[in-house]
Amino acid sequence: MFIASPLLYSFALVLSLTFLYIFGPQIIFTLNQQYDELDDLSLFTKALKPSDQISHLSTINPTPKIAFLFLTNSDLSFAPLWERFFDGNAHLYNIYVHADPYVKLSGDVGIFKTHFIPSKRTERGSASLISAERRLLARAVLDDPMNLYFALVSQRCVPLHSFRFFYLTLFGNSAFRAFTTQHRHRSFIEIISNEPNLPERYNARGDNVMVPEVPFEEFRVGSQFFVLAKRHALVVLKDRKLWRKFKLPCLNVDSCYPEEHYFPTLLSMADLKGCSKYTLTNVNWTGSFDGHPYVYEAHEVSAELVNRLRQSNSSYSYFFARKFSPDCLEPLMSIAEDVIFRD
């Protein structure tokens, strides 16, 4: 009895340490996920509270703004070009940057340095990018009640028109009318229902896992990058039902791009008529590799390229384009005034 007890304790200790070694990281990961979920939920709840400023602002001359949501994980190489884009329009926009806190940013962040929001790690093929985009929306809604449009762009996006041209396209010439008619603002988000790989994307988390909240006939795909009207940004922040499904881990990572599925599906189900079904960001998927689009190099930058990238089959021309390599900055800056910002 006395001889067996130490052996029993030793065996139990070894078994416990083995359990912690095998399952400890997963337990910690799950606890971190739960903490992040609660933290984000608290943020969304605050953002959804009616603003006391709105009633006051509606009695004076309101100035609608566009919130630019920058999603980055490595660099902000095109900060000088965006500075030129925003120059002289400080009262018409706000900037919010979500950068991966585990990655050191390279390059001169310039105008973005005071606009970073509290961020969390992101990873391709997971719902973390959805969370980051919802986080950006919530911060922008909470920060300024005059943010009436929310434009999501990436670290490798560049503008194709002047800020004024973009602003007037969204709001028109009357700021007051833009404010009072915001319930009719459309969102510019790509929504596709006939993509060839739709079944594989739908079942990326397992067969029939998405039902009943997301039946296959309601599942949509589209571009990750959007320009959302405020009323639709609030729909995203209010959602709990679809999020329960889209936050589930992917089993087939080759067909799982949650950020390209969640927003098109949610807004298609919530208000399809209020959405354009097309994006304002030009992405070239010719010769794509490993889920990444075509990358433009410095020698390709020209006035002809900018004009070609602007062309669209939809009601509006494209206003942004990606994906550009960092060495494109210099040639883009050289044609900024005479080409890009001359509409």
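You are looking at a predicted model, in which local features need pLDDT of at least 70, side-chain atom pairs count only at pLDDT 80 or more, and totals for chains, interfaces and linings use all residues. Residues are numbered from 1 along each chain as its sequence is written, and side-chain values use heavy atoms, with hydrogens and water left out.

Arg-156 sits in the loop between β3 (147-154) and β4 (158-159). Strands (E, at least two residues) and helices (H or I, at least four) are DSSP runs, numbered from the N terminus.

**Next, Asp-75.** Its side chain meets that of Arg-156 in a salt bridge, 3.1 Å from N to O. The term means a side-chain nitrogen of Lys or Arg within 4 Å of a carboxyl oxygen of Asp or Glu. Asp-75 lies in the loop between β1 and α3 (79-86), and the two partners are 81 residues apart. Asp-75 is buried too, at 4% relative accessibility.

**Now Phe-324.** Find it in the loop between β9 (320-322) and α12 (329-334). Phe-324 is buried, at 2%. Beyond residues up to four places away in sequence, it touches Arg-156, Phe-78 and Leu-332, among others (contact means heavy atoms within 4.5 Å).

**Widen the view to the core.** Which residues touch the most other members of the largest nonpolar core? They are Phe-68, Trp-82 and Phe-324, out of 54 residues. Such a core is a set of buried Ala, Val, Leu, Ile, Met, Phe, Trp, Tyr and Cys residues joined through side-chain atoms within 4.5 Å. Another core, of 41 residues, lies apart from it; Phe-44 and Val-214 are among them.

**Select Asp-144 and Lys-65.** They form a salt bridge, with the closest N and O atoms 2.8 Å apart. Asp-144 is in the loop between α4 (128-143) and β3, and Lys-65 is in strand β1, so the pair ties together parts 79 residues apart in sequence. Asp-144 is buried at 11%, and Lys-65 at 17%.

**Last, a network.** Show Asp-39, Asp-40, Lys-120 and Arg-135: salt bridges link them. By this rule, the count of salt bridges comes to 11.

How values were computed: Buried < 20%, exposed > 50% of the residue type's maximum accessible area, 1.4 Å probe, protein only.
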